[in-house]
Structure formats: C-alpha cells, structure tokens
Amino acid sequence: GYVYAIINSAWESWVKIGMAVDAEDRLRAYQTSSPFRDYELLEAAKVTDKRKAEALAHQLCSRICEERNGEWFKMPLDVAQVIIRGLAESAPESEETLLQSAVQLRIA
C-alpha cells in the first residue's frame, strides 16, 4: 500500500497524511467532495506495512507541526514530503534519522 500527503490550496500549510491501497485513487475520492477539484497529491510512498508507516508518519508530524486536527497537520509542505519519502520501501531510514531530516528542514 501507500502512505500519502494530500493538500488543498484553500487551507495553506495543512497536509492530510493517510494510507491507501492506491494513493491516486484516494486523491480521486477527495476530488468528489470539492466542486473545484483542487486537492493535490503532494507525496506518496510505497510501503510494506501501510498501517505501521502511517502511524509513524502521524507520530513524526505531531512532533513537528504547529497544529493538528485528526489526520490533518499544519506544517511546512517540504517537511511533510521528507517524512513521506523517508517511509518508502526504497529508503529504509531509522525513525530518528527521519525525524532529524525533517527537523533540519523545519529550522533551515
């Protein structure tokens, strides 16, 4: 499956972090709730265990974000991208390394 980050320009700096069998299909589902079809897939990572990877992404985003509302996090978009990319099967970074990379971006 996938862990993904979806954004909508109507809510600046807010990122939805979720999981799905297919990230593009999940994006299409979001579009049906918006008359403007203005949701965008910011990042998606293919993962071995989508539930575990999503839980880790939520944990890391919670430590960095300014605000949180369920699966929506107010944070810099590039930081969210670093976290999602770090979850990918092809980039098996440790939790601490991933957090450090995200924090470095956040304070840069």
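Contact means that heavy atoms lie within 4.5 Å of each other. The model shown in these views is predicted, with local features requiring pLDDT of at least 70 and side-chain atom pairs counting only at pLDDT 80 or more, while totals for chains, interfaces and linings use all residues. Residues are numbered from 1 along each chain as its sequence is written, and side-chain values use heavy atoms, with hydrogens and water left out.

View 1. Leaving aside residues up to four places away in sequence, Lys16 touches Tyr4, Ala5, Ile6, Tyr30, Glu71 and Trp72. Because its relative accessibility is 6%, Lys16 counts as buried (buried means under 20% relative accessible area, exposed over 50%, and partly exposed in between, with a 1.4 Å probe and protein chains only). The side chain of Lys16 makes a polar contact of 2.4 Å with the side chain of Glu71, and another of 3.2 Å joins the side chains of Lys16 and Tyr4. A polar contact is a pair of N or O atoms within 3.5 Å; within protein, one must be able to donate a hydrogen and the other to accept it, and residues adjacent in sequence count only if both atoms are side-chain atoms.

**View 2. The open sheet of 5 strands.** The strands follow the order S3-S1-S2-S5-S4, with antiparallel pairing; strands (E, at least two residues) and helices (H or I, at least four) are DSSP runs, numbered from the N terminus, and two strands pair if DSSP finds at least two bridges between them. S3 and strand S4 (67-69) stand at the edges with a single partner strand each, so one side of each has no neighbour in the sheet. From one strand to the next, the twist averages 25°.

**View 3. Strand S1 and its two pairings.** S1 is joined to S3 by 7 bridges, and these two strands run antiparallel; here Ile7 stands opposite Glu40 in S3. S1 also pairs with S2 in the antiparallel sense, over 6 bridges, and Val3 stands opposite Met19 in S2. The hairpin of S1 and S2 has 5 residues between the strands, and in this hairpin Ser13 takes a positive phi near 70°. Since 6 of the 7 residues of S1 are buried, S1 is largely enclosed by the rest of the structure.

**View 4. Helix H2 across the sheet.** H2 lies across S1, S2, S4 and S5, and runs at about 165° to S2, where axes are lines fitted to C-alpha atoms, for helices over the stretch in contact, and angles run from 0 to 180 degrees between N-to-C directions. At the start of H2, a side-chain oxygen of Asp49 reaches to within 3.2 Å of the backbone nitrogen of Arg51. Among the buried residues of H2 are Ala53, Leu60 and Ile64.

**View 5. The largest nonpolar core, with 26 residues.** A nonpolar core is a set of buried Ala, Val, Leu, Ile, Met, Phe, Trp, Tyr and Cys residues joined through side-chain atoms within 4.5 Å. The residues with the most contacts inside this core are Val3, Ile17, Met75, Ile83, Ile84 and Leu87. The elements that give two or more residues to this core include strand S1 (2-8), helix H2 (50-64) and helix H3 (77-87), and H3 gives the most, with 6 residues. A second, separate core of 7 residues includes Tyr4, Ile6, Leu27 and Tyr39. H3 itself is mostly covered, with 8 of its 11 residues buried.
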